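Dear colleague,

I am passing on a structure for you to look through, and my notes on it follow below. Please read them with the model open beside you.

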Amino acid sequence: MHAEVRIPTDDQRVTLRLGWQDFERFLLMRGEAVRPRIAYLDGVLELMSPSKSHEGIKKRLARLVEYWAITEGITLGAFGSTTLKKKRGKAGAEPDECYVVNRSEMTDVPDIAIEVNWSASGLDKLELYHRLGVPEVWVWENDSLGIYRRRARGYVKRSRSGFLPTLDVKWLEPFVREPDQGRAISAFVAELRRN
């Protein structure tokens, strides 16, 4: 598989301090728009406009995981960047992608949230997702995928997903790194057929 060196174009971020009611008002004013993407923790609202590189990684990762799930007979309910929020936790987020596993509807939180950390965020995203109650967070950072399982006091890094334990994320990483989505999917499908 061909890989090329990419110089990242940073995501654009702005942070504001505001209370929960102002956060709720902001969400109402923004409506169903997908940009800017939001994250809120303890009175700090972060607005982020993802770069093309960020969106490309997110899309490749989502397509690969979804294709893999189909071949394994696993139902993934995809909910994209839906807004998750919890007033009591003073937290809100729109993950890059989120899924429920082996069910079609999402209740309050997804089973898996995916975050692409292409450029530094000023918020502790794992703390944010912990307060939202998301059981598993996948973080793409520095060209690798970290799987974090929720525990009572935070997240613990794991080598495999609790929801998709037969998916080897280290095996998946080179396909996500491939900048051409068509080549990434073609190589991935060919590898699945060989195995």
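The side chains of Glu173 and Lys170 are joined by a salt bridge, with 3.0 Å from N to O, where a salt bridge is a side-chain nitrogen of Lys or Arg within 4 Å of a carboxyl oxygen of Asp or Glu. Glu173 and Lys170 sit three residues apart in helix H4, so about one helical turn separates them. Glu173 is buried, its relative accessible area being 5%; here buried means under 20% relative accessible area, exposed means over 50%, and partly exposed is in between, with a 1.4 Å probe and protein chains only.

Before going further, please keep in mind that this is a predicted model, in which local features need pLDDT of at least 70 and side-chain atom pairs count only at pLDDT 80 or more, whereas totals for chains, interfaces and linings use all residues. Residues are numbered from 1 along each chain as its sequence is written, and side-chain values use heavy atoms, with hydrogens and water left out.

For the overall picture, the protein chain has five helices and eleven strands, these being DSSP runs numbered from the N terminus, with helices (H or I) of at least four residues and strands (E) of at least two. Of its 195 residues, 46% count as buried. The chain exposes about 10300 Å², of which carbon and sulfur atoms supply 49%; accessible areas come from the Shrake-Rupley method with a 1.4 Å probe, and for residues only the protein chains shown count as cover. Among contacts (heavy atoms within 4.5 Å) between residues at least 6 apart in sequence, 59% join residues at least 24 apart.

Returning to the charged side chains, a search of the whole structure finds 14 salt bridges. One of them is between Glu55 and Arg37, whose closest N and O atoms are 3.0 Å apart; this pair links distant parts of the chain, since Glu55 belongs to helix H2 and Arg37 to strand S2 (residues 37-41), 18 residues apart. Arg37 is buried, with a relative accessible area of 6%. Glu55 also meets Lys58 in a salt bridge of 3.7 Å, N to O, and these two residues, three apart in helix H2, are separated by about one helical turn. Lys58 is likewise buried, at a relative accessible area of 11%. Taken together, Arg37, Glu55, Lys58 and Asp96 are linked in a network of salt bridges.

Arg37 also has a neighbour in space to point out: Ser49 is twelve residues from Arg37 in sequence, and their C-alpha atoms are 6.1 Å apart. Ser49 lies in strand S3 (residues 44-49) and is partly exposed, with a relative accessible area of 29%.

Leaving aside neighbours within four places in sequence, Glu97 is in contact with Ala62, Glu66, Ala78, Phe79, Gly80, Ile112, Ala113 and Ile114.

Turning to the rings, the structure holds five aromatic pairs, counted when ring centres of Phe, Tyr and Trp (its six-membered ring) lie within 6.5 Å, with planes under 30 degrees apart called stacked, over 60 edge-to-face and the rest tilted. Among them, Tyr67 and Phe188 form an edge-to-face pair, 6.3 Å centre to centre with 75 degrees between the planes. Tyr67 lies in helix H2 (residues 52-72) and Phe188 in helix H5 (residues 181-194), so the pair ties together parts that are 121 residues apart in sequence. Phe188 is buried, with a relative accessible area of 0%, whereas Tyr67 counts as partly exposed at 30%.

Phe188 also pairs with Trp171 in a tilted arrangement, 5.2 Å centre to centre and 40 degrees between the planes. Because Trp171 lies in helix H4 (residues 169-177) and Phe188 in helix H5, this pair ties together parts 17 residues apart in sequence. Trp171 is partly exposed, with a relative accessible area of 22%. Tyr67, Trp171, Phe175 and Phe188 form one aromatic cluster.
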